[in-house]
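Here is a short briefing on one protein model. Keep the sequence and the 3D view open as you read.

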Amino acid sequence: MINLHIHPALLFTPGNKPSLFQKAREVEASAIIIDLEDSVPKSEKQLARDNAVHYLSKKDSNTTANIIRINHLTSNEGLKDILAITTVKLQIDAVLYPKTESPNDIQQLNELLSQTYEDLAIIALIETANGTINIHNIVKNSPQKLQALMFGAADYANELNCDNSINALSSARSKIVEASATKNLACYDSPYFDFNNEDGLLKELNTVKAMGFNGKAAIHPKQISAIKSSFKPTQEEYEKAEKIVEIYNNSKGKACQYQGEMIDVPVYSKAKQIITIFNKLN
């Protein structure tokens, strides 16, 4: 199953615009999210499905992961989506599920996907008030295929009738980071929607990284470089992680420390993750 912790930059592309799929690879996004939901007009839903199935039928060795956002299974479009991606096994690494509000949502999706895929990850998109209210229940009681949470700021702000700003939505973001941490799930922030405002994107990246997110979605290819740079460990963090791994491996199970910090299994695991992300983004 894909390790989403080492895929920090996810690029949304509308399913009805297949010419943009290749762009995700050209800008070296960590993953492409082929969207069948909000960015696709109802009249082009079937076209988007057909494009996605055609694109995801190809086998290749590209390192850009493939994620697909389907419509909610309570809708006719959602049922058509799940049929399209389970009739034949496709090259998909994860499914992004919109408006997740309960573990039942993930359980139902997992049952349908498991008939075709053994190791397909699920990302729960949290974008409603009920989603944040039930966030710990979702994480605790969903199947193990749930590997990440993503915040959907636009729909969430619309429902709450509040600004889609970092300050207005800080409480929701903190809840998502906290819940993700209880099961070591990857945690993605919402896209930054003003794609011509690079300073605004960098400011928001600094804030959400400090809050605990380990990745962010993008709506434009030119946002990918900034996202990857923001979530790449520094050289100092990388060298410290290498030292921790070396000391722990040489300790052969005995108590050990680095610069006064005890090295236990979580510290060792975190250090290995830092090394993996650094090398992947280098």
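Leaving aside neighbours within four places in sequence, N110 is in contact with I122, P143 and K145 (contact means heavy atoms within 4.5 Å). This is a predicted model, in which local features need pLDDT of at least 70, side-chain atom pairs count only at pLDDT 80 or more, and totals for chains, interfaces and linings use all residues. Residues are numbered from 1 along each chain as its sequence is written, and side-chain values use heavy atoms, with hydrogens and water left out.

**Helix 4 and N110**

- N110 is found in helix 4, residues 103-114. Helices (H or I, at least four residues) and strands (E, at least two) are DSSP runs, numbered from the N terminus.
- N110 counts as buried because its relative accessibility is 15%. Buried means under 20% relative accessible area, exposed over 50%, and partly exposed in between (1.4 Å probe, protein chains only).
- Helix 4 has 12 residues and reaches 16 Å from its first C-alpha to its last, close to the 16 Å expected at 1.5 Å a residue. The expected span is 1.5 Å times one less than the number of residues.
- Which residues of helix 4 are buried? They are P103, D105, I106, L109, N110 and L113.
- These residues cover an arc of only 150° around the axis, which puts them on the same side of helix 4. The arc is that of the directions from the helix axis to the C-beta atoms.
- An α-helix has 3.6 residues a turn, so residues three or four places apart point the same way.
- The face turned away from the buried side of helix 4 carries the exposed residues N104 and E111.
- The cover over the buried residues of helix 4 includes helix 3, strand 4 (94-97), strand 5 (121-126), helix 6 (135-141) and strand 6.

**Helix 2**

- Helix 2 (residues 45-56) has 12 residues. From first C-alpha to last, helix 2 reaches 16 Å, close to the 16 Å expected at 1.5 Å a residue.
- The buried residues of helix 2 are K45, A48, R49, N51, A52, Y55 and L56.
- Seen down the axis, the buried residues of helix 2 fall within an arc of 165°, so they line one face of the helix.
- Helix 1 (21-26), strand 2 (31-35), strand 3 (65-69) and helix 3 (76-87) are among the elements that cover the buried residues of helix 2.

**The largest pocket**

- The largest pocket holds about 740 Å³ of space. A volume is the space filled by probe spheres set on grid points, which are joined across faces, edges and corners.
- On a 1 Å grid over the protein atoms alone, a pocket is an open set of points where a 1.4 Å probe fits, with protein on both sides within 12 Å along at least five of seven lines; lining residues have an atom within 4 Å of a point.
- Of the 28 residues that line the largest pocket, the closest to its centre are N214, K270, Q273, I274 and I277.
- Helix 8 (170-182), helix 11 (235-251) and helix 12 (265-281) each supply at least two lining residues. Helix 12 gives the largest share, eight residues.
- The lining of the largest pocket divides into 15 nonpolar, seven polar and six charged residues. Ala, Val, Leu, Ile, Met, Phe, Trp, Tyr, Cys and Pro count as nonpolar, Asp, Glu, Lys and Arg as charged, and the others, Gly among them, as polar.

**The second largest pocket**

- The second largest pocket has a volume of about 420 Å³.
- This pocket is lined by 24 residues, and F12, R69, P191, F193 and I219 lie nearest its centre.
- Strand 1 (9-14), strand 6 (146-151) and helix 7 (153-160) each give two or more residues to this lining. Strand 1 gives the most, with four residues.
- The lining of the second largest pocket has 13 nonpolar, five polar and six charged residues.

**Loop residues**

- Is S30 buried or exposed? S30 is buried, with a relative accessible area of 6%.
- S30 is found in the loop between helix 1 and strand 2. Not counting residues up to four places away in sequence, S30 touches H7, P8, A9, L10, T63, T64 and A65.
- E28 is found in the loop between helix 1 and strand 2. E28 counts as exposed, at 53% relative accessibility.
- Phi of E28 is near 60°, a positive value in a residue other than glycine.
- N161 is in the loop between helix 7 and helix 8, and its phi is near 55°, a positive value in a residue other than glycine.
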